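Welcome! Have the sequence and the 3D view at hand, and try each exercise before you read its solution.

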Amino acid sequence: MGKYLIRRILTAVFTIYVIITVSFFMVRFMPGDPLQHLVGQEEYYYLLDTDPEELESIAEKYGLNDPLGVQYVRYLKSVVTLDFGIAYSNKKPVVENVFSCIHWTVLLSIPTWILGGLLGGVLGVLAGWRPGKRLDCVLTPIALFLNTVPSNCIGVLALALFAYKLRWVPIGGMTSGIGTGWVRTLDILKHMALPLSILVLFRCSGDFMLMKSSVSQVRHADYTTTAASKGLSDRKILFRHVMRNAMLPYMTSMCMQMGGLLSGSMMIETIFGWKGMGQLFYNAVSSRDFPTAQFCFLISAFCVVMANLLSDILVGVIDPRVTVK
Amino acid sequence: MKKRKKVNIPVLAGSLIIGFFVIIAIIAPAIVPYDPSATSALTYGKPSPEHLLGTNDVGQDIFSELIYGTRISMVIGIFAAVVVTCVGTLLALLSAWYGGVVDKLITGLTNLAMAVPGLALTTLLVCYLSPGILSIVVAISITAWTGTTRVLRSQILALKEEPFVKIEKAIGQRDIVIMGKHLLSNLKDIILSRGAMAVSSAMMTEASLSFLGLGAFGEKSWGAILHYAFFRNGVVRGLYWWYLPPILCTSLAVLGFMLVGYYGQQKR
């Protein structure tokens with residue numbers, strides 16, 4: 001177990017290191033002056049026209065004239081100390097901007113993760129346990145259908161229908177800015193309702209398919225047949241034998257989904273004007289605010305790697321067979 | 001013994017959908033009533049005999065845009081899928097056939113690429129690269145090949161142990177001949193269905209990117225039409241003839257490729 005753990009942790013650290021390195025070279029080797037990516041496109045052309053010396057001094061400040069090796073070490077240092085410079089959009093430190101958005105995204109993504117996971121899991125067990133029965137016949141096509149519709153399409157449709165046509169929910173944003181305490185909480189919940197439902201719907205359909213296939217594999221395993229021939233009741237077979245084994249791949253994938261908690265809802269956040277990480281990333285990208293975009297990317301990559309590591313550890317704990325190579 | 005092959009209905013339906021869109025994409029210039037980029041004075045026009053799906057905020061004919069959008073969406077989807085499938089297959093062949101260091105390297109690379117949040121990296125890349133069809137394809141392909149490589153690698157590892165491959169190897173057949181003649185021809189069903197799946201996911205990614213306004217510059221795909229419908233008040237004003245058609249087209253095309261890919265690999 002110890003060896004397995006160390007190997008996994010080393011792999012994760014290495015992965016993060018490679019991602020950081022790639023993102024460094026991505027800026028340096030892209031077409032165009034790297035300075036353009038550092039100060040922003042508009043600022044760059046403005047300075048190029050009016051004040052080329054200022055541009056030169058910025059290049060000096062960022063050390064763009066230094067050898068690549070020196071630049072690289074400095075970049076690593078700035079990543080470790082979380083110093084990503086100033087965002088062009090509002091002249092605040094990038095890190096501060098990002099951390100002020102994170103809680104809004106988490107407010108959407110944690111309930112999505114929990115509700116989608118539970119609902120998808122339960123429905124998946126039921127459908128996989130009795131394939132071809134009514135529940136399976138109704139839910140599987142729906143889940144398959146949801147997999148073929150891009151989430152932004154469903155988002156736009158839902159917005160048009162529920163917010164504009166029926167006026168059941170507010171059009172966008174997170175609050176109406178009124179009240180405190182309970183009133184405010186209720187207001188936020190109202191704004192959350194539609195984006196959250198869509199996210200849960202998508203997550204649920206994905207988890208449903210996963211659990212269904214995992215249950216239907218276990219259903220034909222030898223130990224299930226043995227349990228049935230011992231004369232155990234269906235309920236006991238399902239809960240004691242089938243579900244326990246089907247849970248393993250499900251748990252690991254739930255764990256891995258945690259990696260997407262910060263980056264998974266970009267589309268929905270953009271459509272519903274939800275000012276979280278996703279929309280911050282989108283705004284950064286569309287206004288060519290490269291430091292912010294880069295930091296958002298690194299954070300979400302970091303989350304994914306950590307979640308994968310967590311799921312590896314979890315598998316090692318639940319199913320020690322994998323730790324022996 | 002029945003000789004007649006059973007018709008695979010989902011695959012047939014999928015092929016029909018794909019065929020429909022391919023034909024539309026090819027004959028687009030012949031059937032559009034207007035130049036899709038030509039503006040006119042009639043803005044936010046309702047559907048009428050002259051403009052089947054109305055006009056947008058700058059008076060462009062939405063029906064013509066949609067027809068031309070088919071071209072862009074299909075070209076990007078198929079182009080990206082070809083790149084993804086070729087790269088994925090090549091890496092799988094190299095890693096499974098040669099094993100050893102090559103295998104270790106490629107497997108490591110695959111695991112690494114799988115640990116990167118795909119859409120985020122794609123978005124970031126599009127932002128750095130100059131906007132155009134080629135950079136969209138590159139950005140979509142950069143993390144999408146991993147699935148194909150994984151699946152094919154394990155398939156080739158199994159094939160490697162088959163007698164007919166071992167015999168070829170024993171009589172000293174060149175690697176490239178074995179790969180082309182035996183491995184690839186045995187895997188062509190899987191490769192094709194992975195390819196169809198790759199088209200559907202590439203089209204979805206493209207739809208998301210261009211919905212965010214990060215699509216190919218100057219070339220309006222379905223996603224881009226939806227982008228304008230959403231950000232230029234199409235949804236606010238309830239102009240369903242503007243935002244609904246691109247959604248339907250995207251979903252239908254994705255469904256077509258998905259059907260072929262998903263049901264195509266099951267044993268008939």
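**Exercise 1.** On which residue is the kink in H3(B) centred?

*Solution.* Before you start, note that this is a predicted model, in which local features need pLDDT of at least 70, side-chain atom pairs count only at pLDDT 80 or more, and totals for chains, interfaces and linings use all residues. Residues are numbered from 1 along each chain as its sequence is written, while chains are lettered from A and ligands numbered from 1 in the order in which they are written.

Step 1: find the helix. Helices (H or I, at least four residues) and strands (E, at least two) are DSSP runs numbered from the N terminus, and H3 of chain B covers residues 62-98.

Step 2: look for the bend, which is the angle at a residue between axes fitted to the seven residues ending there and the seven starting there. H3(B) has a kink of about 25°, centred on Tyr68(B).

Step 3: check the length. The expected span is 1.5 Å times one less than the number of residues, so the 37 residues of H3(B) should span 54 Å, and this agrees with the 53 Å between its end C-alpha atoms.

Step 4: look at the surroundings and the end. A residue is buried if 20 or more other C-beta atoms, placed from the backbone, lie within 10 Å of its own, exposed if 12 or fewer, and partly exposed in between. In H3(B), 26 of the 37 residues are buried. Gly99(B) follows the helix, with a positive phi near 60°.

**Exercise 2.** Which helix gives the most residues to the side of chain A that touches chain B?

*Solution.* Step 1: take the whole contact, where two residues count if their C-beta atoms, placed from the backbone, lie within 7 Å. Chain A contributes 34 residues and chain B contributes 32 residues.

Step 1: pick out the helix. H8(A) gives the most to chain A's side, with 8 residues.

Step 2: sort that side by class. Ala, Val, Leu, Ile, Met, Phe, Trp, Tyr, Cys and Pro count as nonpolar, Asp, Glu, Lys and Arg as charged, and the others, Gly among them, as polar. The side of chain A that touches chain B has 22 nonpolar, 10 polar and 2 charged residues.

Step 3: see what H8(A) meets. Cys153(A), Val156(A), Leu157(A) and Ala160(A) in H8(A) face Tyr243(B), Ile247(B), Thr250(B) and Ser251(B) in H11(B). That contact has 6 nonpolar, 2 polar and no charged residues.

**Exercise 3.** Is Ala115(B) buried or exposed?

*Solution.* Step 1: locate Ala115(B) in the loop between helix H4 (100-114) and helix H5 (118-128) of chain B.

Step 1: count. Ala115(B) is buried because 23 other C-beta atoms lie within 10 Å.

Step 2: list its partners. Not counting residues up to four places away in sequence, Ala115(B) touches Thr15(A), Val304(A), Val305(A) and Asn308(A).
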